[in-house]
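Here is a friendly tour of one protein model, going from the whole fold to two of its residues. Have a look at the structure first.

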Amino acid sequence: MGERKGQNKYYPPDFNPEKHGSLNRYHNSHPLRERARKLSQGILIIRFEMPYNIWCDGCKNHIGMGVRYNAEKKKVGNYYTTPIYRFRMKCHLCINYIEMQTDPANCDYVIVSGASRKEERWDMEDNEQVLTTEHEKKEKLETDAMFRLEHGEADRSTLKKALPTLSHIQEAQNAWKDDFALNSMLRRHFREKKKAMLEEEEKDQALQAKASLAIPLVPETEDDRRLAALLRLHTLDSYEDKQRLKRTEIIHRSWFPSAQGPSASSSKASNVLKKLCQGRRPPPSTTGTVGDLGIVRRSRDVPESPQCATDSSLSAEPRGPPGTTQDRLQETAEAPRTSKTPESNRNCRVLPLGSSQKDLLYPSNPSASLVADYSDSESE
């Protein structure tokens with residue numbers, strides 16, 4: 001193999017084996033070419049394989065065991081006579097550099113910087129696993145018969161303690177040893193699960209078609225059911241119930257406006273108007289006497305007073321509507337004129353005591369005094 005490679009190499013005409021010795025020396029290059037570019041610094045480029053799973057500190061990505069890198073290898077110390085090497089490599093996912101070195105004391109690799117180890121180690125003794133026999137113990141078992149006897153007794157006592165557990169595990173394994181039953185059970189489970197998935201998919205499609213939805217529906221959970229039970233998205237009463245309730249309210253409503261509400265102001269206004277009308281038109285007293293009305297009889301010789309002339313002028317004014325106070329006063333004044341006395345004797349005058357013309361026409365006090373002249377009447 002070496003001869004075949006040597007024969008295929010090109011040797012220039014000026015190559016002298018005694019002078020140059022080899023083609024590398026002739027070309028003044030290292031046999032490792034680019035891998036030895038930092039050899040003057042004690043650094044050699046090698047192909048390094050990741051010994052275990054790690055997490056990169058730069059990009060926080062996982063780098064699995066067995067991933068290979070071009071690493072810079074250099075010697076940093078010794079453990080007794082065993083050298084300690086450090087490897088520096090660049091992460092293939094970011095610009096972060098990872099440094100690791102050997103640990104001859106524990107036969108392991110230690111991360112120096114740039115990454116963190118994915119912890120997958122465990123203690124066999126803590127996990128109650130069978131420990132491998134150490135080298136010293138092996139030598140002692142081979143040379144010391146008494147130690148070998150004691151070690152055998154300890155192993156048998158450990159076996160007696162672990163025998164029930166081992167028997168239970170063996171029985172469980174024998175119970176599930178039938179491959180046909182296991183396969184049948186697994187296929188039955190898959191069929192039931194597939195059937196449930198199809199039914200759920202049909203329900204989702206029906207709901208999407210009903211609600212015109214184009215979004216995928218997630219599976220319903222117990223929390224969703226509890227929350228939906230607390231919500232009420234429908235009205236308490238239907239349209240017919242609301243119409244029936246409205247008709248019943250209208251039927252049982254009072255015809256007259258209540259004291260409170262929008263018609264309260266109108267009812268108050270009507271009460272005020274009624275009081276004003278009662279004050280301006282008092283009912284005539286049927287039990288009153290002539291003295292209560294303030295009527296005074298005068299003789300024929302008494303001349304007509306200026307107030308009577310004023311009253312005569314008032315009688316010529318237009319009268320108000322029938323039934324008013326002015327009509328009542330005129331009827332009272334014209335009552336003596338209906339008697340059988342001549343027209344010259346009819347000099348009745350109605351005069352108010354201490355009141356004006358306006359108070360005479362519209363008296364506000366029912367006890368206002370009136371003065372009438374019946375001097376020419378026949379009753380005198």
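The protein has 13 helices and ten strands, which are DSSP runs numbered from the N terminus (H or I over at least four residues for helices, E over at least two for strands). This is a predicted model, where local features need pLDDT of at least 70, side-chain atom pairs count only at pLDDT 80 or more, and totals for chains, interfaces and linings use all residues. Residues are numbered from 1 along each chain as its sequence is written, and side-chain values use heavy atoms, with hydrogens and water left out.

Of the 380 residues in the protein, 18% are buried. Buried means under 20% relative accessible area, exposed over 50%, and partly exposed in between (1.4 Å probe, protein chains only). The accessible surface of the protein is about 31200 Å², and carbon and sulfur atoms hold 54% of that; the areas come from the Shrake-Rupley method with a 1.4 Å probe. Among contacts (heavy atoms within 4.5 Å) with a separation of 6 or more, 43% join residues 24 or more positions apart.

Now for the two residues, one in each row:

| Residue | Helix | Relative accessibility |
|---|---|---|
| H20 | helix 2 (residues 17-20) | 14% |
| E136 | helix 4 (residues 135-143) | 63% |

H20 counts as buried because its relative accessibility is 14%. Leaving aside residues up to four places away in sequence, H20 touches D14, F15, R25 and Y26.

E136, in contrast, counts as exposed, because its relative accessibility is 63%.
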